[in-house]
Amino acid sequence: EHSDALNDLTDKLSEIYSDIQDRVGITPKDLEHALKEVEGVRREARDAMCTANDAEQYGRRNNIRIRGIEMIEGQTCQTVVKNFLSDKLEQVIEEDDIDIAHVLPTRSQPDTSQPSQSGTGSTTPPPLVIVRFRRREVRDSVLRKRRLLKGTRFTIMEDLTALNSKTLSRVSKDPAVATAWTWNGKILAMLKTGEKITVRPFQSLAC
């Protein structure tokens with residue numbers, strides 16, 4: 001439904017642009033009206049994208065992503081994850097607590113035909129594993145204990161949508177932000193002024 005709505009809005013935007021181009025002797029008032037229409041369509045499109053994004057993020061509410069753990073031959077991904085969490089976070093995790101776990105494929109494979117600068121061959125990025133827990137409270141407990149991994153090569157993060165990931169990256173790089181993080185799919189930021197805010201996709205921090 002969201003895809004159909006976005007397609008309708010895209011068609012409407014194209015019609016507006018075509019109408020502007022077809023006009024002869026367009027007046028400043030006409031142009032102002034057309035630009036307001038374009039801005040209105042843009043707002044509708046962003047609202048639709050945010051609604052779809054919220055629904056997608058809700059579907060990931062039991063998920064986490066773990067970077068850095070290595071798969072062990074002869075063990076399932078669930079077993080490797082269970083042992084890792086039990087060992088590193090000192091939390092009792094049963095395999096039944098994990099609904100599914102698998103390694104996410106990398107976008108591109110390393111070029112093994114060229115030696116690395118160290119002369120030991122190409123290095124691959126640390127594997128990224130996505131984990132879905134059966135219960136939300138288990139996931140939240142794992143996220144709360146991830147601070148124990150500070151200073152290690154391992155990281156645990158929420159499973160964010162692409163739009164939320166981009167928003168978090170944008171907010172983190174903003175010069176007015178001291179630090180940014182997420183909780184339950186929401187992007188939170190602590191400004192250098194000491195104010196804590198929640199940031200939505202497309203939202204300007206100046207607002």
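Modeller: Let's start with strand S6 (residues 186–191), which pairs with S7 in the antiparallel sense over 4 bridges. The model is predicted, so local features need pLDDT of at least 70 and side-chain atom pairs 80 or more, while totals for chains, interfaces and linings use all residues. Numbering runs from 1 along each chain as its sequence is written, and side-chain values use heavy atoms, without hydrogens or water.

Across that pairing, Met190 stands opposite Lys196 in S7. The whole sheet is open, with 3 strands in the order S5-S6-S7 and antiparallel pairing (pairing takes at least two DSSP bridges; strands are DSSP E runs of at least two residues, helices H or I runs of at least four). S5 (177–183) and S7 (196–199) are the edge strands with a single partner each, so one side of each has no neighbour in the sheet. From one strand to the next, the twist averages 30°.

Helix H5 (residues 162–173) packs on this sheet and touches S5, S6 and S7 (heavy atoms within 4.5 Å). The direction of H5 makes about 160° with that of S5 (N-to-C axes fitted to C-alpha atoms, on a 0 to 180 degrees scale).

H5 also gives the most to the lining of the largest pocket, 4 residues (an open set of 1 Å grid points where a 1.4 Å probe fits, with protein on both sides within 12 Å along at least five of seven lines; lining residues have an atom within 4 Å of a point). That lining has 21 residues, and among those nearest the pocket's centre are Arg65, Met157 and Ser165.
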